[in-house]
Amino acid sequence: MSVSEDKKIFYSVVGKNIKKYRDIRNYSLQILAEKVGITKKTVQRYENGEHKFDMDRLRDLAAALDVTVNQLTEGAYTYTGTEIENSEYISLPVVGKISCGNGELAYESIEGYETTPRSWINGGEYFYLRAKGDSMNGARIYDGDLLLIRGQEEVEDGEIAAVLIDEEAVLKKVYKQNNTLILQSANPNYAPIILTGEEKNIRIIGKLKKVVISF
């Protein structure tokens with residue numbers, strides 16, 4: 001692969017990261033452009049990997065999106081044979097509300113960002129939810145705990161997953177029987193939720209990877 005091709009992929013990866021965090025922030029192209037002091041067309045060209053930028057501009061974009069430069073360049077330096085410093089941690093959003101439109105998930109309410117060891121991450125997209133209530137106490141998941149979720153639509157029987165019901169994300173053990181989805185709490189005081197294939201406002205959005213205990 002030539003140096004020129006390497007650079008094209010670098011800018012393309014960064015562009016995808018810019019769009020990802022713009023979507024998380026629910027910013028339009030125009031809003032981000034105004035925050036950075038550039039045109040909407042320029043932002044679009046950055047996201048498409050069509051326009052080069054220097055480190056100062058990358059810092060401006062990171063500041064406007066309230067993320068780090070490391071987050072915008074995540075995965076990009078692989079194509080240049082170098083890596084950024086202090087990359088053992090990544091900042092992930094703590095999501096308060098999730099919506100689903102046109103089949104795409106959108107993080108509508110970001111409570112903040114949690115510094116996370118990269119060793120916890122193994123490919124894919126990750127985010128945090130905060131546990132609510134006592135329905136998963138039997139799995140040692142308590143109200144207020146941070147839940148590291150790997151975004152995915154399929155899990156194995158018995159695995160704990162984040163499931164979107166309407167616009168509320170709940171954490172349950174998931175079991176499948178033909179077209180029936182059974183969501184089981186880890187607290188005997190709660191009856192299982194049994195869903196048939198007819199419900200269209202239900203979807204698995206991620207698998208629980210780690211619980212960060214809240215003291």
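Visitor: What makes I194 the bridge partner of I182 in β8?

Guide: I182 has I194 as its bridge partner in β8, a strand of residues 193–195 joined to β7 by 3 antiparallel bridges. Strands here are DSSP runs (E, at least two residues), numbered from the N terminus, and helices are runs of H or I of at least four residues. The model is predicted: local features need pLDDT of at least 70, side-chain atom pairs count only at pLDDT 80 or more, and totals for chains, interfaces and linings use all residues. Residues are numbered from 1 along each chain as its sequence is written, and side-chain values use heavy atoms, without hydrogens and water.

Visitor: Why are β6 and β7 called paired?

Guide: Pairing requires that DSSP finds at least two bridges between two strands. β6 (residues 168–177) and β7 (residues 180–184) have 5 bridges, in the antiparallel sense, so they pair. V174 stands opposite L183 in β7, and in the hairpin N178 takes a positive phi near 55°.

Visitor: How do you know that K210 lies over the face of W120?

Guide: A charge sits over a ring if NZ of Lys or CZ of Arg is within 6 Å of the ring centre and within 35 degrees of the ring normal. K210 is at 4.8 Å from the ring centre of W120; K172 is at 5.9 Å from that of Y190. Both distances therefore meet the 6 Å limit.
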